[in-house]
Amino acid sequence: MKILVFGATGMVGQRIAAELRDRGHEVTGVSRSGGPVKGDVRDTAALAPGHDAVVSAIAPPRDGTEPEPPFIEANKALIDGLRVAGVRRLIVVGGAGSLQVAPGQDLVDTPEFPEIYKKEALAGRTLLRLYREVDDLDWTFVSPAAEIAPGERTGVFRVGGDTLLSDEQGRSFISAEDYAVAIADELEKNAGVRKRICVAY
């Protein structure tokens with residue numbers, strides 16, 4: 001496939017791009033920093049034509065500013081741009097904060113959720129709600145485990161739905177490399193179209 005990846009120089013985005021290339025897909029990497037292609041999701045209408053799918057690996061800032069309005073507006077521009085470009089398949093890199101830890105309770109609403117990540121997580125939850133209203137694109141919102149960091153590519157992990165996945169010790173973790181594997185798997189298999197999925201060990 002020919003795949004456009006936004007946020008291709010970030011910790012997650014660069015691993016997604018690498019995994020897709022390793023599988024033989026043609027990847028166009030886009031980032032605001034200018035490499036390989038300079039741009040952002042607001043340029044989707046111009047950049048996406050000719051691609052089979054788009055991966056959005058952009059995230060709200062963590063600098064203490066209120067991230068939600070511009071972040072959500074950027075994603076609305078992404079959605080509109082895909083419609084103009086005629087590209088239906090979209091993978092969205094999501095967060096873990098909107099995953100449920102108990103009936104009616106999301107991870108971000110628990111007392112122990114780190115304050116430093118709260119605004120980012122709330123913006124992610126708003127983003128998920130936005131995509132759940134989109135019925136003319138084949139989107140998949142992929143939430144990682146509560147912890148995601150560079151690590152080993154094992155290719156062995158669990159895939160779930162709206163509930164936070166944890167191991168027998170109660171830890172919820174996924175390496176960025178295996179998260180990228182899950183993204184590539186979803187692009188190839190289309191198992192979670194118009195759904196949120198989560199991945200963890």
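Me: Contact here means heavy atoms within 4.5 Å. Which residues does Glu-19 touch in this predicted model, not counting residues up to four places away in sequence?

Reply: Under that cut-off, Glu-19 touches Arg-153, Ala-180, Val-181 and Ala-184. Glu-19 itself belongs to helix α1, residues 11-22.

Me: Why is Glu-19 called buried?

Reply: Buried means under 20% relative accessible area. Glu-19 has 7% relative accessibility and therefore counts as buried.

Me: What makes Arg-194 count as partly exposed?

Reply: The class lies between the buried limit, under 20%, and the exposed limit, over 50%. Arg-194 has 35% relative accessibility, so it counts as partly exposed. This residue is found in the loop between α5 and β12.

Me: How do you know that the side chain of Arg-194 and the backbone oxygen of Asp-135 make a polar contact?

Reply: A polar contact requires a pair of N or O atoms within 3.5 Å, one able to donate a hydrogen and the other to accept it. The backbone oxygen of Asp-135 lies 3.1 Å from a polar atom of the Arg-194 side chain, so the pair meets the distance limit.

Me: Where does Trp-139 lie relative to Arg-194, in sequence and in space?

Reply: The two are 55 residues apart in sequence, with 5.0 Å between their C-alpha atoms. Trp-139 is also in contact with Arg-194, as are Arg-88, Val-134 and Leu-137, among others.

Me: What makes up the largest nonpolar core?

Reply: It has 36 residues, and those with the most contacts inside it are Ile-16, Leu-20, Val-55, Tyr-179, Ile-183 and Leu-187. Two or more residues each come from β1, α1, β4, β5, α5 and β12. The largest share, 7 residues, is from α5. Beyond its neighbours within four places in sequence, Leu-20 is in contact with Ile-3, Val-5, His-25, Val-27, Ala-184 and Leu-187. Apart from this core lies another, of 25 residues, including Leu-90, Leu-137, Trp-139 and Phe-141.

Me: Which element supplies the largest share of the lining of the second largest pocket?

Reply: That element is α5, with 4 residues. Both α5 (176-189) and β12 (195-200) supply at least two residues of the lining. The pocket holds about 180 Å³ of space.

Technical notes: Residues numbered from 1 in each chain as written. Predicted model: local features only at pLDDT ≥ 70, side-chain atom pairs only at ≥ 80, totals over all residues. Heavy atoms only, no water. Buried < 20%, exposed > 50% of the residue type's maximum accessible area, 1.4 Å probe, protein only. 1 Å grid on protein atoms, 1.4 Å probe; cavity = no way out; pocket = protein on both sides within 12 Å on 5 of 7 lines; lining within 4 Å. Points joined across faces, edges and corners; volume = space filled by probe spheres on them. Core = buried A, V, L, I, M, F, W, Y, C linked by side-chain atoms within 4.5 Å.
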